[in-house]
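Here is a short report for a first look at this protein chain. Please keep the sequence and the 3D view side by side as you read.

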Amino acid sequence: MDSSYAQYPREFYSIHLGNAPGWKVGGWPPWGRTDPNPQYCTVCEAQMVPLLTIASWEWDGGEGHSWAPREDQTAALAGSSYAGRNPSQPTRVEVGSTDNMQIYVCPTSPGHPHTDLIQ
């Protein structure tokens, strides 16, 4: 760990460095309302791996705006948007009640059924 960040609290790492929000391919299981819960293949019982995260938001308000692209920083800092056009929701896709959906696949065979987790 770079000692230049030593004076920052743990929240700084979580918000600005550790947990990139938004849509992504691959990655790690989310730590949402529950602890990360391993997903297992129903055919071969291998631990499944994340394939795709579909996120309701690309970044959150408050301090989480640091994940906003440079061209959206002004809008992110303003904290306002016009009807149906929030800059942190460019896809306008909303999963559940502003959750994330993660799709998992079996690493041993693409033919095995996939599973998902919404939180």
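A residue counts as buried when its relative accessible area is under 20%. By that cut-off, 25% of the 119 residues of the chain are buried. The model is predicted.

**Overall make-up**

The chain has two helices and four strands. Along the sequence they follow the pattern α-β-β-α-β-β. The accessible surface comes to about 8,200 Å². Carbon and sulfur atoms account for 54% of that surface. How far apart in sequence are the residues in contact? Among contacts between residues at least 6 apart in sequence, 66% join residues at least 24 apart.

**The sheet**

The four strands form an open sheet, in the order β1-β2-β3-β4, with antiparallel pairing. Strands β1 (24-25) and β4 (115-118) stand at the edges. Each of these has a single partner strand, so one side of each is left without a neighbour in the sheet. Strands of a sheet pair through backbone hydrogen bonds.

Strand β2 covers residues 49-55, and strand β3 covers residues 100-105. Six bridges join β2 to β3. Two bridges join β1 to β2. Both of these pairs run antiparallel. Some bridge partners are listed here.

| Residue | Bridge partner | Strand of the partner |
|---|---|---|
| Val25 | Leu52 | β2 |
| Thr53 | Gln102 | β3 |
| Pro50 | Tyr104 | β3 |

**Gly26, between β1 and β2**

Gly26 is found in the loop between β1 and β2. Is Gly26 buried or exposed? Its relative accessible area is 17%, so Gly26 is buried. What does Gly26 touch, leaving aside its neighbours within four places in sequence? Its contacts are Pro50, Leu51, Leu52, Thr53 and Gln102. Of these residues, Thr53 and Gln102 are bridge partners. The C-alpha atoms of Gly26 and Tyr104 are separated by 9.0 Å. Along the chain, Gly26 and Tyr104 are 78 residues apart.

**Gln89, between α2 and β3**

Gln89 lies in the loop between α2 (73-78) and β3. Gln89 has 13% relative accessibility, so this residue counts as buried. Its side chain reaches the backbone oxygen of Ser56 at 3.3 Å. The side chain of Gln89 also reaches the backbone oxygen of Val93, at 3.3 Å. Residues up to four places away in sequence aside, Gln89 touches Ser56, Trp57 and Glu94.

**Cysteines without a disulfide**

How many disulfides does a search of the whole structure find? The search finds zero. A disulfide is a covalent bond between the sulfur atoms of two cysteines. The cut-off here is a pair of cysteine sulfur atoms within 2.5 Å.

For Cys106, the closest cysteine sulfur is in Cys44. That distance is 3.6 Å, again too far for a bond. Cys41 counts as buried, at 3% relative accessibility. Cys106 is buried too, with a relative accessible area of 6%.

Technical notes: Residues are numbered from 1 along each chain as its sequence is written. This is a predicted model: local features need pLDDT of at least 70, side-chain atom pairs count only at pLDDT 80 or more; totals for chains, interfaces and linings use all residues. Side-chain values use heavy atoms; hydrogens and water are left out. Buried means under 20% relative accessible area, exposed over 50%, partly exposed in between (1.4 Å probe, protein chains only). Two strands pair if DSSP finds at least two bridges between them. Contact means heavy atoms within 4.5 Å. Accessible areas come from the Shrake-Rupley method with a 1.4 Å probe; for residues, only the protein chains shown count as cover. A polar contact is a pair of N or O atoms within 3.5 Å; within protein, one must be able to donate a hydrogen and the other to accept it, and residues adjacent in sequence count only if both atoms are side-chain atoms.
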